[in-house]
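Please have your viewer ready and follow along.

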Amino acid sequence: MGQRRAAITALGTHVPERVMTNADFEKIVDTSDEWIRTRTGIQRRHVVEPGTPTSAIATLAAEDALRRRGIGAEELDLIVVATVTPDMPFPATAGLVQDRLGARRAWGFDVSAACSGFVYALTVGAQFIETGRHRKVMVLGADVMTSILDYKDRSTCVLFGDGAGAVILEPREDGTGILDFSHEVDGSGACYLNMPGGGSLRPASHETVDQRLHYIKQQGAHVFKYAVRKFADASQQILLRNDFTGTDLDLFVAHQANIRIIEAAQHRMGLPDAKVVKNIHEYGNTTAATIPLALKTALDEKRLAKGDLVLLAAVGAGFTVGSVLLRWSGVSWD
Ligand SMILES: CC(C)(COP(=O)(O)OP(=O)(O)OC[C@H]1O[C@@H](n2cnc3c(N)ncnc32)[C@H](O)[C@@H]1OP(=O)(O)O)[C@@H](O)C(=O)NCCC(=O)NCCS
């Protein structure tokens, strides 16, 4: 028997049907399809009907994962939800998902790490499998970014979409599963990307609403430079310390924030297009959901097979940086 590892044994996703195209944004703010496409790679993003909470789309993704795995919600031991758009500051969205699913044996909590949320939550969930304490852990990345977008700020509102993804982690001893992770946080970057209002620092008030502080604020160019450097550094570092190079990699699954950030990392690692997943044109940046949605794209395109060496990588608000290296275990996908 090999070493016990936490393996992804199912994937489920949900994106809302409603779509906003770049042309739709041309009617709302001073922008153009050409600017958005060339600066970000985004063409469309899926958005919820107003009033739809994160727990609702997360539950749909969770149900999809359970159905594909062929198990009931009551088999789950733990639910970890990565999100920056919880239904409310508390209680945790994980509990709301647990209730909606009827996962009566599971405990759960949320992880707040913005765009790195999914890889952080995956790492947290994996620990409970590796120790042998749990046998079935569900990890979700879900965000309703439209609930915190300022449709008067052209530099942020065009970038994001809504979506959810769920994976089930189970023990495997056949060499597949999570091999390593490497995460960083640099809190000095907090000022460059945040939502300033509604927390204990600036509780909601008429003033915070008037100043539009309950929306995402970003200094895009600074975040861009940081992300380009860190994506490539973190990815190369985790490969190196596991005695791999870019050539050994079968698939690079990067957080989808900007096509230029992904391609910069791709070129530094010397990866051909066939080894890199890109779906930002369809979904925009769905924050915690981009990596499970990218895994879905890879599966739909039949680019993932059992035993493949896969690198997940993300950079996000915080700043947070995360990478997870794994050998794909195979999931049922029809
Ligand atoms: C947001 C982002 C696409 C902007 O691209 P950029 O090349 O850095 O552009 P800048 O921010 O320097 O802005 C350049 C110009 O475009 C303008 N601009 C910004 N948004 C625009 C839009 N939607 N349409 C048209 N023009 C726009 C700016 O006002 C600026 O104009 P100015 O030069 O007259 O002041 C890019 O910075 C980015 O992707 N940043 C990282 C985002 C990210 O990854 N965030 C999530 C965390 S991972």
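Predicted model: local features only at pLDDT ≥ 70, side-chain atom pairs only at ≥ 80, totals over all residues.

Residues are numbered from 1 along each chain as its sequence is written, and side-chain values use heavy atoms, with hydrogens and water left out.

**Aromatic rings**

A pair of aromatic rings is described by the distance of the centres and the angle of the planes. Rings of Phe, Tyr and Trp (its six-membered ring) pair if their centres lie within 6.5 Å; planes under 30 degrees apart count as stacked, over 60 as edge-to-face and the rest as tilted. There are five aromatic pairs in the structure. Two of them involve Trp107 and are set out here.

| Pair | Centre distance | Plane angle | Class |
|---|---|---|---|
| Trp107 and Phe109 | 5.4 Å | 40 degrees | tilted |
| Trp107 and Phe128 | 5.5 Å | 80 degrees | edge-to-face |

Trp107 belongs to strand E5 (residues 107-111) and Phe128 to helix H5 (residues 117-130), so their pair ties together parts that are 21 residues apart in sequence. Helices (H or I, at least four residues) and strands (E, at least two) are DSSP runs, numbered from the N terminus. Together, Trp107, Phe109 and Phe128 make one aromatic cluster.

How accessible is Trp107? Its relative accessible area is 39%, making this residue partly exposed (buried means under 20%, exposed over 50%, partly exposed in between, with a 1.4 Å probe and protein chains only). Phe109 is partly exposed at 23%, and Phe128 is partly exposed at 23%.

**A charge over a ring**

Elsewhere to look is Trp333: the charged end of Arg68 sits over its ring, 3.8 Å from the centre. The rule asks for NZ of Lys or CZ of Arg within 6 Å of the ring centre and within 35 degrees of the ring normal.

**The cavity**

On a 1 Å grid over the protein atoms alone, a cavity is a set of points where a 1.4 Å probe fits but cannot get out; lining residues have an atom within 4 Å of a point. The largest cavity has a volume of about 30 Å³, the volume being the space filled by probe spheres set on the points. Strand E1 (5-14) gives the most to its lining, with three residues.

Terms used. 1 Å grid on protein atoms, 1.4 Å probe; cavity = no way out; pocket = protein on both sides within 12 Å on 5 of 7 lines; lining within 4 Å.
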